[in-house]
Amino acid sequence: MLARAGRQIANNTLAHNFGLLPSGESTSVTFTIRNDSAFELRISELSLSGPDTENFSIDSSGLPSRIAPFARASFTLNFVSPDEIVVH
């Protein structure tokens, strides 16, 4: 989920399962933000929250701060499997 001015914008899924990875292995997934409105979409920040955020990183190097009307832009979420599995 992404937040904008106190509102949440869904990306068509509520979760992404990275599957089972051996300890220390990494994988990534690319998410696309689609602006379906007639107005420019401004992105001020992408952030991580919740448990285990230390295992995730965001690569937003190709993500512009503004997405034109009816345009798309992408960012990558990286995951590194922890050395130990902790059940919450």
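In strand E7, serine 74 is the bridge partner of threonine 32. The model is predicted, so that local features need pLDDT of at least 70 and side-chain atom pairs count only at pLDDT 80 or more, whereas totals for chains, interfaces and linings use all residues. Residues are numbered from 1 along each chain as its sequence is written, and side-chain values use heavy atoms, with hydrogens and water left out.

**Strands and their pairing**

The chain contains 7 strands and 0 helices; helices (H or I, at least four residues) and strands (E, at least two) are DSSP runs, numbered from the N terminus. Read from the N terminus, the order of elements is β-β-β-β-β-β-β. Two strands are taken to pair if DSSP finds at least two bridges between them. Strand E7 (residues 72-80) runs antiparallel to E3, and 9 bridges join the two. Strand E5 (residues 56-59) is also antiparallel to E7, through 4 bridges.

**Salt bridges**

The structure holds 3 salt bridges, each defined as a side-chain nitrogen of Lys or Arg within 4 Å of a carboxyl oxygen of Asp or Glu. In general, side chains of opposite charge can pair when their charged atoms come close. The pairs are as follows.

| Arginine 34 | Aspartate 36 | 3.0 Å |

Through shared partners, salt bridges join Glu40, Arg42 and Arg66 into one network.

Residues are called buried under 20% relative accessible area, exposed over 50%, and partly exposed in between (1.4 Å probe, protein chains only). Glutamate 40 is partly exposed at 35% relative accessible area, and arginine 66 is likewise partly exposed, at 44%. In the pair with aspartate 36, arginine 34 has a relative accessible area of 41% and is partly exposed.

**The chain as a whole**

Of the 88 residues in the chain, 20% are buried. Among contacts (heavy atoms within 4.5 Å) with a separation of 6 or more, 62% are between residues 24 or more positions apart. The accessible surface of the chain, computed by the Shrake-Rupley method with a 1.4 Å probe, comes to about 6600 Å², and carbon and sulfur atoms account for 49% of it.
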